[in-house]
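This report concerns aromatic and nonpolar side chains. Please consult the sequence and the structure shown below.

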Amino acid sequence: MVLVGLFALYVLLASSGLVLFKLGSGNATMHLKLFSLSFNFSWKTIFGIMCYGCSFLLWLYIVSNMNLTLAMPLSVALVNTLVILESCLLLKEKILPMQGIGIFIVLVGVIMITWRN
């Protein structure tokens, strides 16, 4: 049961990290120059990096304690679905009818994958 909770936290952190990257990409307040590369960051971008980094550490634990043939399809399906929903809510992006159908199909697939587990 703890693994299920950690998996849910992983999905939330990974999807939120991606959305925060997008939110922070428009208004950079911090600048970093390494060699000939220049990076611009906002606090949202940095928070997104922290969320995504924490999700990666959780992913390492999940993969070491869960069947990869179950963990990988679930993580891809749930993270991508949550990114679409968060983008709709936070970024004011529109969910097209085909995306809605796709989300439904993905969720049915997740139920089918986890049914016996």
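## Surface exposure

A residue is called exposed when its relative accessible area is over 50%, buried when that value is under 20%, and partly exposed in between. In this predicted model, Phe 104 has a relative accessible area of 57% and is therefore exposed. Phe 104 belongs to helix α4, which covers residues 97-114.

Phe 104 also contributes to a nonpolar surface patch, together with Met 98, Ile 101, Ile 105, Val 108 and Met 112. The accessible area of these residues together is about 670 Å².

A pair of aromatic rings is described by the distance between the centres and the angle between the planes. The model contains 3 aromatic pairs. One of them joins Phe 7 and Tyr 10 in a tilted arrangement, at 6.1 Å centre to centre and with 50 degrees between the planes.

Both Phe 7 and Tyr 10 lie in helix α1 (residues 2-24), 3 residues apart, or about one turn of the helix. Phe 7 is buried, because its relative accessible area is 8%. Tyr 10 likewise counts as buried, at 11% relative accessibility.

## A pair between helices

The rings of Phe 21 and Tyr 52 are also tilted, because their centres are 5.9 Å apart and their planes stand at 55 degrees. Phe 21 is in helix α1 and Tyr 52 in helix α2 (residues 43-65), so this pair ties together parts 31 residues apart in sequence. Phe 21 counts as partly exposed at 27% relative accessibility, and Tyr 52 counts as partly exposed at 38%.

## Ring cluster

Ring pairs link Phe 7 and Tyr 10 with Trp 59 in a cluster.

Technical notes:
Residues are numbered from 1 along each chain as its sequence is written. This is a predicted model: local features need pLDDT of at least 70, side-chain atom pairs count only at pLDDT 80 or more; totals for chains, interfaces and linings use all residues. Side-chain values use heavy atoms; hydrogens and water are left out. Patches are made of residues with over 30% relative accessible area and no salt bridge: like charges are joined within 9 Å, nonpolar side chains (Val, Leu, Ile, Met, Phe, Trp, Tyr) within 5 Å. Accessible areas come from the Shrake-Rupley method with a 1.4 Å probe; for residues, only the protein chains shown count as cover. A salt bridge is a side-chain nitrogen of Lys or Arg within 4 Å of a carboxyl oxygen of Asp or Glu. Helices (H or I, at least four residues) and strands (E, at least two) are DSSP runs, numbered from the N terminus. Buried means under 20% relative accessible area, exposed over 50%, partly exposed in between (1.4 Å probe, protein chains only). Rings of Phe, Tyr and Trp (its six-membered ring) pair if their centres lie within 6.5 Å; planes under 30 degrees apart count as stacked, over 60 as edge-to-face and the rest as tilted.
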